[in-house]
Every structure is written in C-alpha cells, then in structure tokens.
Amino acid sequence: RHATNGMISTLQDIVTESSGSGRGAALLVQSTVGRQCRFIKEVGKGRFGSVWKATWFGDPIAVKIFSTIEENSWMREAEIYQTTLLRHDGILGFIAADIGGTGTSTNMILVMEYHEYGSLFDFLQERRLDAALMLRLMHTFVAGLCHLHTEIIGSQGKPPIAHRDLKTKNILVKGNLTCCIADLGHCARYLSERNEIDLGYQTGLVGTKRYMPPEVVTQTVVQTTFEALKAADMYNVALILWEIARCGVCCGESYTYQYPYQQELPVDPSVQHVYHVICVLGIRPTIPGRWQYDPTFKALARIMTECWSADWQCRQSALRVKKTLAFLTENCLSGKESEA
Ligand code: ADP
Ligand code: MG
Ligand code: MG
C-alpha cells in the first residue's frame, strides 16, 4: 500500500538520523530497548494501541505500543516528550522511543515511567477522598498543566504547550499519591520566534467529545490564537476538578464517581449532541448544595464555574488555579494541625 511505504521510509529516516552523528536527532531512538523489555500485562487500551506494564533490567516501566498505521501519533508523542525542559513532577516521565515489538510484529513504542495506580479515572472509582488527598491530586495535576502551558525563555527555552485532550483517563496517579499528565500525542506548541502554532499532524477537531468546550464544538475560535488553546484546557480542568471533588468528603458525605455530563450524554456522544447540551441548553455539571457550607469546596466551586464559562476569555489561567489550590492546601493542613 502506498501510504504504508511512505510511513516506513520516514521511520527509517529517523533511525538512520539518530544512530549517526546526531545530525538533527530530535528523537532518541534506541533500537535495542524494545527487545530488552519483558512484557508483563496489558494495563490500558486506547485509540492508538495498548499500554503494557513491563520490566527493563528488572525495573518496572510502561510501554505504549502503537499499531503500524499510527506512525504519525507515535512520532508526534515522542517529539512532544522530547521538548526541551519538559521534564516535571506533574508530567509523565519519558524514557525512550523505539521501534520494537511484542515478538511477532513490528511496532512503534514509547517507554515511560510506570505508575501502579494507573489513571486518575481508575483511581477515583469507589474511593472517598479526605480534603488533603483531594487537594493533593488537584494541585499536582494543575501544576503539571501549568508547566506545560508556561513558556520558558532563554537559550534553552521551552515553548508553551496546550494538551488538547485533558481528562481523568489521561492523568496518572503516582505511588506518592500525586498526579502526572500523560498522553501528549495531541499537544500543540507555540513557536514564539516564528509566531506560529505547531498543531502537529492533527489540524482538525481533536480531543474527547464529552470534554470539548463550547468554542471547540462550534469550531469558532479554535486554533486562531494559542491563548484559546490553553483556555480550552482550562475548561477540561473545571470538569476534572468536579470529578475529583465529588469523590471528596464534604460535610461528612461524598458521591460515587460520575463522568461529566453522565446523565445528559450517552457513551461516545456525537459532536452535535455535545453541542446541544453545552451550547444550546447551556448545561454544566451540578454543584452540590452542601459545597457552599465548606470553605474549601466553595472555593473549588468558584474555580469550576469560572473555568467552564462559555466565554473562553473569562476562564482562569493554570497558574491562577495552581496558586488558589496551593493556598487551599495550606489552609487545610494548618486547620488539621489546630484540630490536633
Ligand atoms: P491513548 O493515547 O491510547 O489514550 P494513553 O497514553 O492515554 O493511551 O494510555 C491509555 C491508558 O493506559 C491510560 O488511561 C492508563 O490507564 C494506562 N497507562 C498509560 N500510561 C501508563 C503508565 N505510565 N503507567 C500506568 N498506566 C498507564
Ligand atoms: Mg489516553
Ligand atoms: Mg492519545
């Protein structure tokens, strides 16, 4: 097939390039990694392939395997993970990109740090969170997003990056009960020196429909300015904070986990359906009444309401939300001390 030929040649180009003198070696390709992995069990299945728990010289690692036709998404995610100065506690640790396999077929893989708890979505199932843990999960994932969004200026600078598919299934919970952001394949970068947005190979509608903000669903301001892409992430932050907060104990009670718009939208909704619910009917997740009686939850409700605003320019920035969450955490911890 013609398309396949094209892709394979690109793949070869990368291997040749990075195994040589390092000329233009944007991708770290260690063609031995794949063969050195011992695959243990499948821990996730997504649109582009599967994620496995494996070991590499005895250390646990996660291996994301892309099917052969998904070369673009493999290459893009590898490229994003290797952005200068990307490493951060709130962003999944990247180890290597490789062309390897499970034994029988050739696959493209990404090797990352492995986190036993899995996704935040999995973690929230059947769990009641005390205020300290709830705020810890919130603060750490927003800190990761804040780092992603921030431009670092200097000879070794970092471009601002928008995630474009933020949701509880794309956030992982680490062993120390902090969060990190994963699944960077849909990210967009802003190249300030060229005043250009790098959308990668995905220039159309991207992301998970249930989580799409109004202006993305209507395709009005998307991709015109980078500020709008960051603001779209902030709408997702509002929904994620709501998902986490519902599992938090407020006035002695918590709720069981629910998807955002669980009552209003079916599984795998169409863009039209999402448009009808969030743009025409203007529905947003319900803020429980008792949240008004607890200062922490009241403050969280305020962040959510501002961040899921239909007007993207009214949403708070990741930095602002991070600061509020740090403040709430401090209050919560000092409150505990005075109780003791
Ligand atoms: P996709 O692009 O196909 O959605 P993701 O990168 O989001 O793939 O991974 C799919 C799922 O695999 C996640 O929701 C999570 O449950 C699991 N997973 C991904 N990376 C890891 C990891 N490093 N450690 C543990 N589980 C992971
Ligand atoms: Mg995913
Ligand atoms: Mg993905």
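## Helix packing, strand pairing and a ligand shell

Helix 7 passes helix 9 in a left-handed crossing. A crossing counts as left-handed if the near helix is turned anticlockwise from the far one by less than a right angle, and as right-handed if clockwise. On the helix 7 side, the contact is made by Met 234, Tyr 235, Val 237, Ala 238, Leu 241, Trp 242 and Ala 245. Helix 9 brings Phe 297, Leu 300, Ile 303, Met 304 and Cys 307. Contact here requires C-beta atoms, placed from the backbone, within 7 Å. By class, the contact of helix 7 with helix 9 has 12 nonpolar, no polar and no charged residues. Ala, Val, Leu, Ile, Met, Phe, Trp, Tyr, Cys and Pro count as nonpolar; Asp, Glu, Lys and Arg as charged; the others, Gly among them, as polar.

This is a predicted model: local features need pLDDT of at least 70, side-chain atom pairs count only at pLDDT 80 or more, and totals for chains, interfaces and linings use all residues. Residues are numbered from 1 along each chain as its sequence is written, while chains are lettered from A and ligands numbered from 1 in the order in which they are written.

Helices (H or I, at least four residues) and strands (E, at least two) are DSSP runs, numbered from the N terminus.

Next, the strands. Two strands pair if DSSP finds at least two bridges between them. The table gives the pairings.

| Strands | Sense | Bridges | One bridge pair |
|---|---|---|---|
| Strand 1 and strand 2 | antiparallel | eight bridges | Cys 37 and Trp 56 |
| Strand 2 and strand 3 | antiparallel | eight bridges | Lys 53 and Ala 62 |
| Strand 9 and strand 10 | antiparallel | three bridges | Arg 189 and Asp 198 |

An open sheet of three strands has the order 6-9-10, with antiparallel pairing. Its edge strands, strand 6 (161-162) and strand 10 (196-198), each pair on one side only.

The hairpins come next. Two residues join strand 1 to strand 2. Two residues also lie between strand 2 and strand 3, where Phe 57 takes a positive phi near 50 degrees. The hairpin of strand 9 and strand 10 has four residues between the strands, and Asn 195 takes a positive phi near 50 degrees.

Finally, the ligand. 22 residues surround ligand 1; the closest are Gly 44, Gly 46, Val 51, Ala 62 and Asp 183. A residue is near a molecule if its C-beta atom, placed from the backbone, lies within 6 Å of it. Strand 1 (37-46), strand 3 (59-66) and strand 5 (106-113) each give two or more residues to this shell. Strand 1 gives the largest share, three residues. The shell divides into nine nonpolar, seven polar and six charged residues.

Terms used. Contact = placed C-beta atoms within 7 Å.
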